Amino acid sequence: MKPVIAVYPGSFDPVTNGHLDLIERGSKIFHRLIVAVLQNQEKEPMFNLNERLDMLRETTRAWQNVEVDAFNGLLADFAREKDARVILRGIRAVSDYEYELQMALMNRKLEPQVETVFMLPAEAYSFLSSRLVREVARLGGTLRGLVPPAVEERLRKKFG
Ligand code: PNS
């Protein structure tokens, strides 16, 4: 069997400890894991693409088989270009399932050769999302233990 390449896509605005937990789990299963940052978002992100890539590169440096890349357009096309056999997604709670199911089935329609694999992050992160991190940071709450120190620092700078 050929080495299995997986793509882990998302907005990562910003990367959280929940994302890193999943990346670590994925890095132990797949030969190569490409963390793919969506560039052309509908909503304006809090961190621009370069900032999001920098934070991910800084926080995933320890894993030799993990790389960070950006993508535009369809995820299915990006996965095909990278010769990936897997799209990795995290599911935190039942509420994530419906959206994830729709995406996985659409991606299968677009690229039948690629399988979506769902993994569960540690329970400690089951309530965590980038959206909540942005909100808590904006309102001055503590994010210790929820995002890496480098991300906490960037959020602090952004909000003074
Ligand atoms: O973790 P997120 O931020 O919800 O990630 C969403 C993402 C980037 C995985 C999704 O929006 C995506 O794949 N966008 C690329 C466009 C695409 O391929 N759309 C059709 C897939 S259903």
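**Glu152.** A salt bridge here is a side-chain nitrogen of Lys or Arg within 4 Å of a carboxyl oxygen of Asp or Glu. Glu152 sits in helix 6, residues 149–159. Helices (H or I, at least four residues) and strands (E, at least two) are DSSP runs, numbered from the N terminus. Skipping neighbours within four places in sequence, I get Leu143, Arg144 and Val147 in contact with Glu152, where contact means heavy atoms within 4.5 Å.

**Ground rules.** I'm on a predicted model, so to speak: local features need pLDDT of at least 70, side-chain atom pairs count only at pLDDT 80 or more, and totals for chains, interfaces and linings use all residues. Residues are numbered from 1 along each chain as its sequence is written, and side-chain values use heavy atoms, with hydrogens and water left out.

**Arg52.** Next I went to helix 2 (residues 49–60), the place of Arg52. Arg52 is buried without a salt bridge, and Asp13 is its nearest side chain of opposite charge, at 4.5 Å. I did find the Arg52 side chain reaching the backbone oxygen of Phe47 at 2.9 Å. Beyond its neighbours within four places in sequence, Arg52 has contacts that include Ser11, Phe12, Asp13 and Val37.

Phe12 is in the loop between strand 1 and helix 1. Its phi is positive, about 50 degrees, though Phe12 is not a glycine. I checked the cover too: Phe12 is buried at 3% relative accessible area. Pro14 is in the loop between strand 1 (5–10) and helix 1 (17–29), and a cis peptide bond joins Asp13 and Pro14, with omega about 0 degrees.

**Asp83.** Asp83 is not a glycine either, yet has a positive phi of about 65 degrees. I found Asp83 in the loop between helix 3 (75–81) and strand 4 (86–90), partly exposed at 46% relative accessibility.

**Whole protein.** I zoomed out last. There are six helices and five strands, in the order β-α-β-α-β-α-β-α-β-α-α along the sequence. Buried residues make up 45% of the 160. The C-alpha atoms fill a box of roughly 50 × 35 × 30 Å along the principal axes.

Methods
Buried means under 20% relative accessible area, exposed over 50%, partly exposed in between (1.4 Å probe, protein chains only). Lys and Arg count as positive and Asp and Glu as negative; His and the chain ends are not counted. A polar contact is a pair of N or O atoms within 3.5 Å; within protein, one must be able to donate a hydrogen and the other to accept it, and residues adjacent in sequence count only if both atoms are side-chain atoms.
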